[in-house]
Amino acid sequence: MDYPTLGRSGLKVSRACLGAMNFGTSGGVASCDESEAGRIVDAFLEAGHTFFDTADAYTGGRSEEILGRAIGRRRDSVVLATKAFLPQGPGPNDRGLSRAHLTRALEASLRRLGTDYIDLYQCHQWDHGTPIEETLATLDGFVRAGKVRYIGCSNFTASQIVESAWAAERLGVTAFTSLQPQYSLVVRDVEAEILPACERHGLGAMVWSPLAGGVLTGRYARGVAPAADSRMGRLMASPAPMARAWADGLLHERALGIADEVGRVAAELGTTSTAVAIAWVRRRPGVTSVVIGPRTVEQLHGTLAGFALDLPAEAAERLDEVSRSAALTPVNGMPPGSIRERVRS
Ligand SMILES: NC(=O)c1ccc[n+]([C@@H]2O[C@H](COP(=O)([O-])OP(=O)(O)OC[C@H]3O[C@@H](n4cnc5c(N)ncnc54)[C@H](OP(=O)(O)O)[C@@H]3O)[C@@H](O)[C@H]2O)c1
């Protein structure tokens, strides 16, 4: 098992990061109950992985509580990441990346996780209403107080990554160590600008929704409504427009075409679509860790198989070709090339 360092830091993480977004109940829908979550955490640790991700917003805080209890006494041998930004109450200061909100959000996360420090504290999104200098100075205070060890961001654009890096340098405060962006065979737009910005500014990338919410496992078919208890079924039935838009972005004809090719590669290699989709994303340039989201122990084992699978070059090329997105078209007439080549040029 190799443990790469996260970005320009000394923090060693596992290639697989266990995301706890499925732990608990959301909108009255049970996703993964506490006993199954405990078994998932045990099996993940037994397989040698050490990296965990959650957020204060997941399942109304239950995800943090369940994950903290499941890790229990193993706290010091894991790397625990959580996030803040999304609303925690109705008030104007109950959300965002201000000093006012982050200070309360951190204390609440520590309490729910049952720990006195967080290894990686992440900004869930960019806050257009707070100067990045205020956010970085606040996070630096958390690091100096020993409550947080490293800081990261999620869903930032390339210019927001660059702005944050320059602001941290100007202020002489702790800089972001990681970015958590969406990345899979279905959603590849990070390759154009975001992953190169990470590499240039020393952020490791821990990528979310590597199975496109389950679409790449081959379990959704054309013309068949998603099962009500599946991720897509749950998102499509949600009253929140954002949830429905998330499903729309993952379950469409192009995605199903990609899933078909993943299925053909899997059949040729004698493995599963799940393993092939994970194997493809974990080897992409600039990816440090893959944040997986199993809902059962069985799904966990199916997903972890992808970390032991080396895709033959020909298979990787076929998948690359079928999933090439508009963001990868030539820039100013130059071929996109690899991330490293683009960063050096
Ligand atoms: N930073 C952010 O904004 C952000 C956003 C989203 C997620 N995340 C993080 O990333 C993690 C992973 O995201 P994700 O849950 O969307 O990842 P994902 O792996 O793309 O999707 C997980 C879903 O795929 C299905 N699945 C997983 N393993 C499977 C298997 N072996 N066989 C068949 N189906 C399988 C399950 O669907 P069913 O539930 O239908 O069974 C599961 O809920 C989250 O837990 C969270 O920590 C971060």
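This is a predicted model: local features need pLDDT of at least 70, side-chain atom pairs count only at pLDDT 80 or more; totals for chains, interfaces and linings use all residues.
Residues are numbered from 1 along each chain as its sequence is written, and side-chain values use heavy atoms, with hydrogens and water left out.

Let's start with the ligand. Which residues come nearest to the ligand? Of the 33 around it, they are Asp53, Ser154, Ser209, Arg231 and Arg295; a residue counts as around the ligand if one of its heavy atoms lies within 4 Å. By class, this shell has eleven nonpolar, 16 polar and six charged residues, with Gly counted as polar.

Now the polar contacts, meaning pairs of N or O atoms within 3.5 Å. Asn155 places a polar side-chain atom 2.8 Å from a ligand oxygen, and Arg295 also has a polar side-chain atom 2.8 Å from a ligand oxygen. For Gly213, a polar backbone atom is 2.8 Å from an oxygen of the ligand. Taken alone, the ligand exposes 910 Å², and the protein buries 94% of that (Shrake-Rupley method, 1.4 Å probe).

On to Ser178, which sits in strand 8, residues 178-180 (strands are DSSP E runs of at least two residues). Is Ser178 buried or exposed? Buried, at a relative accessible area of 0%, where buried means under 20% and exposed over 50% with a 1.4 Å probe, protein chains only. Leaving out residues up to four places away in sequence, Ser178 touches several others, including Leu6, Leu120, Cys153 and Met206; contact here is heavy atoms within 4.5 Å.

Notes. Helices (H or I, at least four residues) and strands (E, at least two) are DSSP runs, numbered from the N terminus. A polar contact is a pair of N or O atoms within 3.5 Å; within protein, one must be able to donate a hydrogen and the other to accept it, and residues adjacent in sequence count only if both atoms are side-chain atoms.
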